[in-house]
Amino acid sequence: MVMAIWIILGGNLGNATALFLFLAPTITFRRIIRSKSTELFSGIPYVMTMLNCLLSAWYGMPFVSKNNILVSTINGTGAAIEVIYVLTFIIYAPKTEKAKFIGLLTLVLTTFAGVALVSLVVLHGKSREIFCGFAAAIFSIIMYGSPLSIMRTVIKTKSVEYMPFFLSLFVFLCGTSWFVFGLLGGDLFVSVPNGVGGGLGALQLILYFIYRNNKGEAKKPGAALPVHSMQMGIAKLHQQKELAANESHVDKV
């Protein structure tokens with residue numbers, strides 16, 4: 001009885017913190033809608049997060065795994081939120097980027113449909129749970145690992161300007177909560193990827209406290225262009241470098 005209470009508490013806390021993570025990019029999309037342009041923002045994190053949510057929601061369904069309905073509810077909500085982000089990105093993306101993005105979206109939806117179809121038609125019982133669990137776990141780790149470029153930038157610039165504290169905190173809390181939920185429930189497909197997420201969140205918080213007094217320092221001439229914060233989306237660095245190169249060429253001319 002006590003164990004069941006702890007599992008429910010862990011799942012509910014995980015739901016709450018995950019919701020904050022899913023809603024964090026609203027700042028980015030308000031900017032995109034106001035400017036009617038996706039600027040240098042990349043839509044890849046949103047479509048990949050959507051795939052992760054779809055796979056995790058599918059894994060949590062009662063006919064796939066037992067006692068994981070809380071996993072399904074939050075990831076189903078997350079998938080709906082990510083769909084809004086993805087559609088907004090398609091509307092305001094340039095034509096060349098729009099075509100590539102739609103191609104990626106098609107691949108993602110095909111991947112999910114393939115996993116769902118195979119699990120329903122070919123697999124049954126424990127084999128279905130293992131197959132869907134592996135798929136969900138792999139993309140959960142990819143999602144949690146996306147801020148690694150931000151952490152690298154923090155170390156390089158010795159500034160936390162591009163790594164918001166509360167977002168790092170919710171990454172840590174979300175990962176830890178679901179890690180505890182999976183651990184108590186004996187579900188490695190929930191505990192392992194979220195344990196990785198909690199660990200990465202802890203590293204972000206450690207970096208924050210090391211460099212917390214170095215917010216927004218003036219950039220030195222010739223310094224590397226920063227990566228956008230997780231809250232503002234992940235910028236496409238190669239495009240930034242191209243812009244910098246073009247500006248340098250214009251100055252020389």
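S72 lies in helix α4, where helices are DSSP runs of H or I with at least four residues, numbered from the N terminus. This is a predicted model, in which local features need pLDDT of at least 70, side-chain atom pairs count only at pLDDT 80 or more, and totals for chains, interfaces and linings use all residues. Residues are numbered from 1 along each chain as its sequence is written, and side-chain values use heavy atoms, leaving out hydrogens and water.

Let's stay with S72 for a moment. Its relative accessibility is 8%, so S72 counts as buried (under 20% relative accessible area, with exposed over 50% and partly exposed in between, using a 1.4 Å probe and protein chains only). Setting aside residues up to four places away in sequence, S72 touches A57, G60 and M61; contact here means heavy atoms within 4.5 Å.

Now hop over to C174, which is found in helix α8, residues 165–184. C174 is buried too, with a relative accessible area of 4%. Beyond its neighbours within four places in sequence, C174 is in contact with G14, T17, A18, L21, Y144 and N194. Between the C-alpha atoms of C174 and G195, which are 21 residues apart along the chain, the separation is 9.7 Å.

How far can you trust the model? Mean pLDDT, the predictor's confidence in each residue from 0 to 100, is 80 for the protein chain, and 81% of its residues reach 70 or more. Confidence is highest in helix α4 (residues 69–92), at a mean of 92, and lowest in helix α10 (residues 237–252), at 50. Over residues 217–239 pLDDT stays under 50, although the model has 60 contacts beyond four places in sequence for them. Where pLDDT is low, the predicted coordinates should not be read in detail.

Notes:
Helix = DSSP H or I, 4+ residues; strand = E, 2+ residues; numbered from the N terminus.
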